[in-house]
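Work through the exercises below with the model open. Each task is followed by a solution in steps.

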Amino acid sequence: MAHLAVAEAAIPASETVVAVRGICKRYSEVEALRLIDLDFPRGKLTTLLGPSGCGKTTLLKIIAGLIAASSGEVRVNGKPVTGPGPERAFVFQDFALMPWATVMRNVAFGLELQGMGKAERQSIARNYIAEVGLTGFEDKYPHELSGGMRQRVGLARAFAVNAEVLLLDEPFSAVDEQNRRKFQEDLLRLVDKERKTFIFVTHSIEEAVYVSDRIVLLSRRPGRVSQIIEPRIDRTASPDAIRRDQGYLDTVEEIWQGLKHYVD
Amino acid sequence: MILFGYRVPMMASLIVWCVIWEVVGRSGALFLIPPLSSVLVAAFAMVQTATWQSAALVTLHSFSVGMALAILVGIALGVLMGRFKAVDDLFGIWVNIFVSAPLSALVPVLMILFGIGETTVIVTVFLFAVWIIVLDTRAGIQHVPNSLIEMGRSYGASPFALYGKIVLLAALPEILAGIRLGLVRGVKGVVIGQLLVSIIGYGELFELYSRSFDMENFWALTIILFAAAMLMSAAIEHVEKKVDYYAGVR
Amino acid sequence: MIAPSRVGGPAPAVHPPEGLGASLGRLASRHPVVWRLSSLVLFFLAWEIAGRVPISYAFPTFSATLVALVSMMADGSLFVAYGSTLQPLVIGIAISGVVGVVLGIVMGLSRMAEWLAAPLFVVLQAAPMAALIPLITFVYGIGLLAKTLAVIMLALPVIVLNGYKAVRNANPSLVAMCRSFQGTKLQQIAKIIVPDASPVIFAGLRLGLAAGFIGVILAELLITPTGIGDLITYHRSVANYAEMYAAVVSIILVSTLTLAALESFETRLLRPEKRRG
């Protein structure tokens, strides 16, 4: 029902939304990334997976335009990235919610910055608040929500600006295990529904295999692409069936074997 | 700040301000600001006079006695407030009132109670410094993780060892921060006390030089005072950094 | 941080079980007001006893001080005094507030301004500025201007430094969030940095106000006796100790209540996470 394949054929250029070419990043002493070349296909969820300190978050922030690369370039739909742009939206590891603003204002904040009128942006925000299952919490403040609910706000905010590419930086790492599983299932439903390109950073092998169409394995510092894996899992099966599926378990094992030697 | 590719240390800008002072002083535009250089010359001459030396000694004495009392009482009360809810409830409101109350209004009262002299200044220093030490010590004690106390108990620490070896040491970063803030306030206390009492120590000299319009000596006094206050604060900060390493991993 | 660390709720884990009568303890923990009231009553009782002993000829009882306070309110002298004391304080705090917050924000945003001004204000904050009060008397005489300057000298540094530190340490993750949604630099400052910094800026204003109270009283005692300083000096000179104590108590009371009011205003306005319910 599911089998494992290592992608060797390049994806046709027309399908590529985000193209990373020869990205290097050096901090004064440390070389964080070395010559990264990657293509991110449209409508897929690609995960950057690797040991801590491999530069996966740095790469994601370079794609987002939040940090400048030392050399190389990132193109989104053929246009080089010089900073953040409207076609990309970022979901933060620590949620980055404004504690002084309600759920409604937080979700609508991207639109507020674009100068959209209040009524219009609130109706869009309300839609996405419902989409992530937070209807009824519009007037609550972040401190009144659980960690999982806060990240749903972060996700709704990213969806609300209607960007093509969603960049998720370890979005579930500060969420407890039960909420995390529920959240992963919701994410898959949203990937299916919204038809956007997702780039996802995580350090959890199980999470990566469960949610991804493609997994990019990065080596330890300096980060380089060591392997690309496409888990072919039948997403129509129930979540519990997927987690017990032999192909899923084999992929997890294969990645673990590949990463094990990085662990001290 | 980075200038022409070199890191210019933060405190270097004080040199810029000193130059501005010198220029303003030399221009003679403001009678009350003599050039910095002549103030420094005056300061150098002043520290050699017996008047200054005895004034400084009196001031230092009042300050150290007041501060020693404030640190002792402050830590003791802070520990009690941090550990026992009854003490906390009893004293909490007063500590919070006095930590930000205009204590300068109390000095006249102290003057009639303790006489116009050194005792009043000592009590002023104590009152200015003690409350912040209490509050920070209390916060430090309350932040000692319960697991650390349980660890001590489970390994059979006596109550004495529990406080001496665990609680006080774990709270040390906050206690030191409290003492540093207390010192800064204590310096203000000694100056305010002596200005109002105005017949002893630095206060007497301030009174003398400002009445005789002797600006060089007035500023020389001020500069020595400011420098002493800064040095003391920096010294404590240095100790604080040494214990900070474990504040992060507590 | 310069703000004194006031830790609101006691950490329950550290407190060992109370030994003071379980039922009384429960009553008090349910009603913190009970504790506060009993704490006040105990203090005033101690004062009354100390006054009756008396520990000093110049130590009136609490009841005598209270009577004096009421009579000073009744004959209006207290209110007249506050009319003149509050003038330099309000003007000085208003000026320090506006100038200090703006300067602090600029220093937090611009590395050049930070380099130039931050060390200066660090020195001014740690130094005993009260020493300069005799100086301003010369230049600006003994009027309102000199007293206002005294307030500004004591209040400004802490307001500037708090504003500067708050802006400088604005949550980098929120700033990155604003950038990722293409917020302009102006939007970043107005919608993220200043709101994020406002609790600490407000704490600076409270500390500045507390310093301003010290400054105005000091000015009134050192420069020329006016307002509350005059009440204290006059009643002391004629040995009306109860009236003198009443004036001192009143200024501590006024400053405490003002600061508490400012704090609750701040909580309502700026800190949804600290609001109850």
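**Exercise 1.** How many residue pairs are in polar contact between chain C and chain A?

*Solution.* The model is predicted: local features need pLDDT of at least 70, side-chain atom pairs count only at pLDDT 80 or more, and totals for chains, interfaces and linings use all residues. Residues are numbered from 1 along each chain as its sequence is written, chains are lettered from A and ligands numbered from 1 in the order in which they are written, and side-chain values use heavy atoms, with hydrogens and water left out.

Step 1. Apply the rule: a polar contact is a pair of N or O atoms within 3.5 Å; within protein, one must be able to donate a hydrogen and the other to accept it, and residues adjacent in sequence count only if both atoms are side-chain atoms.

Step 2. Count between chain C and chain A: 6 residue pairs, both residues at pLDDT 80 or more.

Step 3. Find the elements on the chain C side. Helices (H or I, at least four residues) and strands (E, at least two) are DSSP runs, numbered from the N terminus. α8 (172-180) and α9 of chain C each supply at least two residues of the side that touches chain A. α8(C) gives the most, 7 residues.

Step 4. Sort that side by type: 9 nonpolar, 6 polar and 5 charged. Here Ala, Val, Leu, Ile, Met, Phe, Trp, Tyr, Cys and Pro count as nonpolar, Asp, Glu, Lys and Arg as charged, and the others, Gly among them, as polar.

**Exercise 2.** Describe the extent of the interface of chain C and chain A, and locate its salt bridge.

*Solution.* Step 1. Take the contacts (heavy atoms within 4.5 Å). They join 20 residues of chain C to 26 residues of chain A.

Step 1. Take the buried area, the accessible area (1.4 Å probe) that two parts lose on being put together, summed over both. The value is about 2000 Å², with 64% on carbon and sulfur atoms. F181(C), Q182(C) and K191(C) supply 31% of the area that chain C buries here, more than any other three residues.

Step 2. Search for salt bridges (a side-chain nitrogen of Lys or Arg within 4 Å of a carboxyl oxygen of Asp or Glu). The count is 1. K191(C) pairs with E112(A) at 2.5 Å, N to O.

**Exercise 3.** Which residues and elements of chain C meet chain B?

*Solution.* Step 1. The contact takes 66 residues from chain C and 69 residues from chain B.

Step 1. The buried area is about 6100 Å², and carbon and sulfur atoms give 77% of it.

Step 2. The rules find 0 salt bridges and 7 residue pairs in polar contact, both at pLDDT 80 or more.

Step 3. Several helices of chain C each supply at least two residues to this side, including α2 (32-52), α6 (133-140) and α11 (241-270). The largest share, 12 residues, comes from α5(C). By type, the side divides into 51 nonpolar, 9 polar and 6 charged.

**Exercise 4.** What secondary structure do chain C and chain B have?

*Solution.* Step 1. Chain C comes to 11 helices and 0 strands.

Step 1. Chain B has 11 helices and 2 strands. Along the sequence, the pattern of chain B is β-β-α-α-α-α-α-α-α-α-α-α-α.

Step 2. Buried residues make up 51% of the 277 residues in chain C and 53% of the 250 residues in chain B.

Key: Buried means under 20% relative accessible area, exposed over 50%, partly exposed in between (1.4 Å probe, protein chains only).
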